[in-house]
Every structure is written in C-alpha cells, then in structure tokens.
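Student: I would like to learn how to read a protein model, going from single contacts to the whole fold. Could you take me through this one step by step?

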Amino acid sequence: MPGVVTFIGAEHVPGQNRRLWFGNVEELFAEEEVICVGQIIGAIVAESRELAKRASRLVTVAYEDVLPVFFTIEEAIEHQSFFEPKRKLERGNVEEGFEKSDHILEGELYMGGQEHFYMETQGVIAVPRGDAGEMELFVATQHAAYTQEVVGLTLGVESNKITCHVKRLGGGFGGKVMKIASLSAITATAAYRTGHAVRCVLERGDDMLITSGRHPFLGKYKVGYMNDGTILAADIIYYSNGGCTLDESSFIMEKALLHMDNGYKIPHLRGRGFVCRTFLPSYTAFRGFGGPQGLTVIESVLHEVAAKCGLPAHQVREVNMYQDESSLTHHRQLFSPTDMLRCWSECLEKSEYEERLLAIQRFNSSNRWRKRGMSIVPLKFGIGFSKGFYNQGAALVNIYKDGSVLLSHGGTEMGQGINTKAIQIASRILKVPMSSIHIKETCTGNVPNAAPSAASFGTDAVGMAVKNACEKLVGRLEPVRKKNPEHTWQQLVVEAYCQKISLSATGFFMGPHTSVDWERSEGTAYYYFTFGACCSEVEIDCLTGDHKTIRTDIVMDVGRSLNPALDIGQVEGGFVQGLGLYTIEELQFSPDGALRTRGPSDYKIPTLSDVPHMLNTHLLTNARNPHAIYSSKGIGEPPVFFGCTVFFAIKEAIAAARRESGLSESFNLSSPATAEKIRLACQDTFTTAASSSEGGRCRPWAINV
C-alpha cells in the first residue's frame, strides 16, 4: 500500500519483547496469546496518520478461543484467580471484638473504575540519532527514567544512549507512568527499524481501550458495634480487578489497606487484599492510588452503622475518631490527629452543619418527589511512597553570567504547579526575582534516575533538592558577596566567574525510609499525613434519578502553603474529579470484555454544571509540618476522596425518599451513583417493573467488572 512503510511486531524487537515486573511477565507485543480486548499485537508505520489508520484496518488476525475467560471480580473469586502477593493487616483480636459487640453487621460496597481522561492523550516522538544506537524521545510521561529504562531494554542498548525529554503534560493523574513506557518502546522500535523520526499519539477511543484506568473494587465487611455506634471490630476484605497483567495493582491494594482506618480508631481491625487476575486491559495508577477505595469502604461501614443505630452519621463518625495526641494507626505508625480534629470542627462550623440539617428535614417533609441529603467526612491521607527508595529527589541549578538562572529537576509539570513552586524556592534562597529563573524541561540527561511525579510527593522531593542545590551556590558566592557588598546580583555572578567559582550545582534529597512489614502488620508507611474534612449537600429528583450538588465546604490542612492559589486549585480540582468518580463516570464493558465507553459521547466527566452551586474551600490556619519543604504538605491526591461526600449525601436523600414510602433505610448503592441507580433505589412499582430480568434470560448490555 503506497505510503505504508512497514509493520512491526514481536519478531522485530531488537532487544527484549518480554520483561519481568516483580516476577510477572509483561509483553510489549503479544507473541502467542492475546489476554484482553485492546492488547497490542503489532504496529503500522506509515507516512501519515490517516494512511496508518487505513492500513491497520486491512490487517486480519486469526484467533482461537482460550477458556475459561472471565472479566468480573466475582468470576475471579470463583476461579481463585489472583495475583501475588496477597496482603493482610491486623490490629487487636477481631474475633474477640465481635464477641463483645452488641450487634454484628455484614455488607459490601462495589466501586467502579474511572478513566483518566487527560486532555492530552498518550503521545511520543522518537528520533534516532544514528550514533551507537542513540535515541531521543519527546514523551508525555510522569516517569521519564522508567520510560528510558523500558526503551533501552526493548532496543537492547544501555540507558545512557536513551534520552527522554518532557516539557509538560496535558494532564496525567497516574495514567502516564507505566502505559506510556510501553508505547514509547513501540515507537522507538519503529524509529530504530526505519531510521526516521516516528510520532505516535493515541486517539481518545484507543487510549481508553488500551490504557485502562482506576481499579474497580469490591469491599466485603463484617462489623461489630455497640448501641451508641462505637465500632469495636471490623473485618474487611478488599478485592480489586487488576486486569490481565500486574502493572501497579499490588501497590494500589497495599495503599487501600493502609488507608482502611481513615481517621477512626477501631480497636480490632483486620484487612485483607486480593488483586484479581481477569481478561481485561490491565488497570493502572490513578490519582489517589487505591486510597479512595480503601477509605470509602470504611466510610460506608460508618454510614451503615449509623443507619442501624438510628443515629446521625456525623455523630457516629465523631465517636469513633482518633482523639489521643499520640495515636497509632492500624499499621502502628505514630501520628497526631490534632489537625484532623481541627479540620472536622471547622468544617462543621463553616458549613453550618446543624442548622442546615434541620433545614433539610423541613425540605424533605414538604417535598414528595425531591429529597435532600448531607454528609460530612474526615480525612487522613498518607503522603509519599510506602516503597522508601522512591522517596528521593534531584535537581540541577545553573547560573549564567548575565544573572539568569536555569533550573532542572526530576519532577514532571502536569498542571499541579511543581515548576512554579520550584522557582519560588530557588527565588527565595538565591534572592533573585522569579522572572530571572527558567525551567526548560525535565530531561534524563540532566537529572538521572528520577522518581515518578506521583504520591503527592513531587514538590516535597524536588523542592528539597532545589533548596539543596541553591544553598550550595549561595555558600560558594558568600565570600564574594562579603568582599563586594555593593555588587548587584549580576556583578556578583560575573565576579564569581572571574574567580573560577563553579556556578552550577546539583541538589539531592534523600527522603525518609518508609516500609511496611506485612507479616507483622507494622511499619512507617508514609512520610506524614495530610488531613481534611468535607461536607456536601445534594438534592435528588426521585422520578428521574437526577441530582445536583447544592453546596460543598472543604477545610484542608496543607501545612504552611507554598502557594495558596495552587493548593486551592488542587483541592477543588481533586474534589471535582472525585465527584465524577462517585456519581457520573461509569465505564461499561460488554459481556465479551470489550470496553463500550470509548469517548466523551459515551463516558461523561464532570462539567461546569456538575460543580456545586456553592463551593467553599478553606486552608487550615496555623498548621505546621516539620517533615516537608518550608512546613508545607503534599495535596495532589487527598481531595479526590472528598467526592464520596456527594455519594453519601445522595444515599441520605434516597433514604429519606424510601422512609416516606415505608421502605428500609438500609439498601445497597454501588459507586458511581448514576441517575439510573438513584432512580431504582427510590423504589416504587415502576422501578420494580423496570428491574425485572425475565428470569435471567436477558443478556446484559454491560457488566460490573
């Protein structure tokens, strides 16, 4: 076909097509067996994008069925199909706690997955340099060093011949760590074979199909509690759908388990985690990294206990919170809940919770088909990597003779403002205007072996490294400054140059050692905790299932903020993304395991009309954090969880509607709480007729994976 250059598959990879990832094989191109719809088996290289697409449609593939094939968590449990390792954390004696409890409650909560839906899809340009196998990549990645490593293995060359450049990302959210590395390796292979630069940018539908997103979770729990709502014991089993390969699923499950207590001191607590191996595209990292799933299950437990006790949910949450100045998490990490309790109290006050609760009761009593609900939750979220070797940062600072400063670091700018904060730090130490400091790009040739920009730890690591490098330069310039106190900054730099003083410095931050002993259920898993509280009020239409968020109040502990405008943006953006996770973003798979929702016409993300009519964000005052740069705190991931306040507020509103119809206030509602689910939960003769499945003979259009 004219204009088509070549086809590449597993047999064309010059290095390794298969690589090991924590004992599990990851294939670049499928060699013999296809294990999901969306797995890459080959690539067409053409002179234009349209030609490549047309040629790809002419490729025919012959398949033979592999059995058994299954896609859901329940089916994986039935087949005992799990990735290793299986994890467990335990505090106290759960069986003893059940014996002492007044009541036992068993239940479950299903949380669907979520698509990253970054504005810029996965993309890379690979440029062969012709000398000794050198390759340059201009790539949209959150982890340039990992991409460099995977491309090197694929091409069979050393990492020092692979250079990755990252200017900025049009959104990442965790989706541009692992998947982009494989795509880069495929593109680099094409560039290697053709000897020409090759560009690959996924279309939205292909991006959604191939790269997958947040893990669906199923939480099953057994809880022992007292008449006043105090929880004595909880046994929770988490199942996640990991898809066909391991990816980062085991780390995500670990984070879910490490967050299963949230802000609650449950004396006897046991959590077990199983990553299900299914025949779906492999799920990967997503903002929150398992934290929202782990937190939501325990919040569901508190919500159900409150309903069973006939008590207000906020009262049950309050009675179970950590209170001691020196408290131990369920994995025996010491922390102080003081700022969490302050956030809780301030959120109750600023949201006018008690007064609005009475107003909601009056509204519900006078409206039959519209109901309101409100929910407030606390937050304790671990910051940093539980794998301690990732807690490091590096930077390079160059001063030029005209006084301008060029800053390089290992982090990736993807809208969170890491470059702005890095420039602020350098400006503060060097005492030069921010306008004189420039960050060109993230490059593996400038800062090697950098950790991924993830886990809300980017500014903590990079900021400390920039600080370290700038302090070295200030130390070198100080003798010159003392001899020439009248010199301007530029004159000082020129004088230092004339005295042969180096005007370039590397900075390094060796973060804390964090680790968990899973056999003993103990360890300092995180550098510190970010705290917060959020309250949301919603109104539902019982006849259509539609809902609107009337008001949300957030109080967030960010320590001493480096940049309040950026931090508030992160809090509000995270909340809205969480709102999508818990209410409207629904990934739907066919019974054959094919993703049906492959674009904005099928998959709805929050828009301006979904943002609460009133959104109030407050940063906790007089907060300190001795562990991070200038007493600040990481804030990227924690606010996503606050979307659950809308979910539980919807559940309160549904309970009000059911109460009026004489139905039980205890009912199952899975996340996301879509209009369909809200309408069906407001049970009546119409919903009973609509939910009939004709004895199970109907083939479902979509399945809960």
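Student: Which side chain meets D261 in a salt bridge?

Tutor: Please keep in mind that this is a predicted model. A salt bridge is called when a side-chain nitrogen of Lys or Arg lies within 4 Å of a carboxyl oxygen of Asp or Glu. Here the side chain of D261 meets that of K380, with 3.3 Å from N to O.

Student: Where in the chain do D261 and K380 lie, and are they buried or exposed?

Tutor: The pair links distant parts of the chain, since D261 sits in the loop between α7 (249–258) and β13 (268–277), whereas K380 belongs to strand β16 (residues 370–383), 119 residues apart. Both D261 and K380 are buried.

Student: What does the salt bridge between K677 and E586 tie together?

Tutor: The side chains of K677 and E586 meet at 4.0 Å, N to O. Because K677 lies in helix α17 (residues 675–681) and E586 in the loop between α15 (564–584) and β24 (614–619), the pair ties together parts that are 91 residues apart in sequence. K677 is buried, with a relative accessible area of 16%.

Student: How many helices and strands does the protein have, and why is it called as compact as a globular protein of its length?

Tutor: There are 18 helices and 24 strands in the protein. Its radius of gyration is 27 Å, close to the 27 Å that the globule rule gives for 705 residues, so the protein is as compact as a globular protein of that length. Along its principal axes, the C-alpha trace spans about 85 × 70 × 50 Å.

Student: What share of the residues is buried, and what share of the contacts joins residues 24 or more positions apart?

Tutor: Buried residues make up 59% of the 705 residues. Of the contacts with a separation of 6 or more, 79% are between residues 24 or more positions apart.

Conventions: Residues numbered from 1 in each chain as written. Predicted model: local features only at pLDDT ≥ 70, side-chain atom pairs only at ≥ 80, totals over all residues. Heavy atoms only, no water. Helix = DSSP H or I, 4+ residues; strand = E, 2+ residues; numbered from the N terminus. Rg over C-alpha atoms; globule rule 2.2 N^0.38 Å. Buried < 20%, exposed > 50% of the residue type's maximum accessible area, 1.4 Å probe, protein only. Contact = heavy atoms within 4.5 Å.
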